[in-house]
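I opened this model to look up its confidence, its nonpolar cores and its aromatic pairs. My entries follow.

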Amino acid sequence: MPENTSKSTLQTLAVPISIVIAGALIAVAVFYTNSVKPAQVAGGEKPTVEQEIRTVQADDHILGSSDAKVVIVEYSDTECPFCKQFHNTLHQIISEYGSSGDVAWVYRHFPLEQLHPKAPKEAEALECAAEQGGNEMFWKFTNKVYETTGANNALDIGVYNTPKEVPMAPNGDPYYAQKAPLTATDAGQLSDFAKEFGLDVARFEDCLKTGKFADRVAKDLNEAVAAGGRGTPHSIIIAPDGEQIPLEGAQPYNVVKTTIDALLQ
């Protein structure tokens, strides 16, 4: 093969090859992060954050008391199956420890767009809902998204669907049901949820269209990465003495409980 033809072929393949390699590295990182690695709080060396995060802020979305002894700050992705699982785990934790003031749960955004292209806009939707209904509406809307989506980009978000064409499952069926957008701003099931909860749908859709809360979502994401987050969910436990301890992946209930009990002693 002539040398110039060989170079041309390599140049043509360089970009797709680099994309495949990058995707593989991301997948490995996410798998590693979501492997069960219990936090070593009860004994042994404790993990540390790479950079400390903000403590509880006035505009945070929180379940439990802002003055709780232990605060779990979770950075989450609405289309991540591990996050969907961990969302239920943290609700269990708050049911057990929240009313006593021992534990609070703060939700921040960590949408991994490379894996879940819809997640950033869904994160904005949670903020758009909270804008109208406050902290209570944020949690109602968030719970609804996690309950409804099959994860891995499976929610129908109307004009924001990415990719535009519905992927097909191995059996030939559409991966998810997609309705035709009713308007130029119809956000699919996100708009349906807004209507169900009595929100001003037009205002909600305008919020999504303008990207009003895109900067807030990006701020949370950048903070998670700076703290050492490489996959979702990534949580930081703020101990009673203010120490920040990372909790990686969708740890099971018993691991989270053991960690909390050790910190409360």
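**Confidence**

I started with pLDDT, the predictor's confidence in each residue from 0 to 100. The protein averages 85, and 83% of the residues score at least 70. This is a predicted model, so I kept local features to pLDDT of at least 70 and side-chain atom pairs to 80 or more, while totals for chains, interfaces and linings use all residues. Residues are numbered from 1 along each chain as its sequence is written, and side-chain values use heavy atoms, without hydrogens and water.

I noted residues 1-42, where pLDDT stays under 50.

**Cores**

I looked for nonpolar cores (buried Ala, Val, Leu, Ile, Met, Phe, Trp, Tyr and Cys residues joined through side-chain atoms within 4.5 Å). Buried means under 20% relative accessible area, with a 1.4 Å probe and protein chains only. The largest core has 43 residues, and I72, F141 and L208 are among those with the most contacts inside it. Helix α3 (119-148) is one of the contributing elements. It gives the largest share, 11 residues. Helices (H or I, at least four residues) and strands (E, at least two) are DSSP runs, numbered from the N terminus.

**Aromatic pairs**

I paired rings of Phe, Tyr and Trp (its six-membered ring) with centres within 6.5 Å; planes under 30 degrees apart are stacked, over 60 edge-to-face, the rest tilted. The count comes to 7 pairs. Y107 and F138 have ring centres 5.5 Å apart and planes at 65 degrees, so they are edge-to-face. Y107 sits in strand β3 and F138 in helix α3, 31 residues apart. F138 is buried at 0% relative accessible area. W105, Y107, F138 and W139 form one aromatic cluster.

Methods. Contact means heavy atoms within 4.5 Å. Buried means under 20% relative accessible area, exposed over 50%, partly exposed in between (1.4 Å probe, protein chains only).
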